[in-house]
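Welcome, and thanks for taking a look at this model. Please have the sequence and the 3D view ready, and we will walk through it together.

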Amino acid sequence: MLAAITAQHAEITRLVASVHAADGAGRPDALHQLLAYLAGHEAVEEVLLHPSAQSTAEPEVGAERVAEEEGIGQQVQRLEDAGIDSPVFLTQFGLMEEAISQHAKAEEERELPLLLEDIDSARAALVLHALHEQASASARRTGSFAEMLETATHDVRGLAARH
Ligand SMILES: [Fe+2]
Ligand SMILES: [Fe+2]
């Protein structure tokens with residue numbers, strides 16, 4: 001599970017870099033790919049990981065990650081409001097990028113070690129299934145980040161309810 005989440009964090013880093021590398025014409029598509037993938041990834045963590053972390057001996061570790069994801073959502077909202085042609089786009093993108101990378105680091109270094117202590121194999125398998133499913137779904141997602149996050153969250157909850 002740690003490997004799967006770390007691999008998704010690496011993919012997010014790659015998608016961030018591709019927004020930087022894209023020229024003006026390619027940037028909207030690169031940004032959409034990043035946000036669609038990020039929405040699926042954060043939905044899995046929000047539904048399946050942070051609540052578990054909040055019922056460990058260190059509940060604040062899960063609560064902090066939830067707060068960070070809300071912060072990332074607000075950064076993305078500001079980015080979408082500014083628009084890709086805005087002179088502040090790259091500044092706002094940099095703030096979002098920093099928030100994402102700090103958050104991923106905290107998940108890997110603080111939250112996942114805590115969760116891995118007592119997660120059972122069925123739960124770990126569900127997380128892997130959800131990560132895989134959301135990564136595949138990201139190519140089909142449309143709309144704003146908030147809309148994609150809402151749909152992804154709904155899908156992950158549905159998957160969890162069937163297990
Ligand atoms: Fe997260
Ligand atoms: Fe994450």
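Does α3 pass α4 in a left-handed or a right-handed crossing, and which of these is it? The crossing is left-handed, a term for a near helix turned anticlockwise from the far one by less than a right angle.

## About the model

This is a predicted model, in which local features need pLDDT of at least 70 and side-chain atom pairs count only at pLDDT 80 or more, while totals for chains, interfaces and linings use all residues. Residues are numbered from 1 along each chain as its sequence is written, and chains are lettered from A and ligands numbered from 1 in the order in which they are written.

## The α3 and α4 pair

Helices here are DSSP runs (H or I, at least four residues), numbered from the N terminus. The axes of α3 and α4, lines fitted to C-alpha atoms over the stretch in contact, lie 9 Å apart at an angle of about 165°. The two helices are therefore roughly antiparallel (angles over 145 degrees, on a scale from 0 to 180 between N-to-C directions).

## The nonpolar core

In the largest nonpolar core, with 32 residues, Leu35, Ala39, Val44 and Leu48 touch the most other members. Such a core joins buried Ala, Val, Leu, Ile, Met, Phe, Trp, Tyr and Cys residues through C-beta atoms within 7 Å; buried means 20 or more other C-beta atoms within 10 Å. Helix α2 gives the most, with 13 residues.

## Pro28

Pro28 sits in helix α2 (residues 27–53). Its C-alpha is 9.5 Å from that of Asp85, 57 residues away in sequence.

Methods
A residue is buried if 20 or more other C-beta atoms lie within 10 Å of its own, exposed if 12 or fewer, and partly exposed in between; C-beta atoms are placed from the backbone. Angles under 35 degrees count as roughly parallel, over 145 as roughly antiparallel, 65 to 115 as roughly perpendicular and the rest as oblique.
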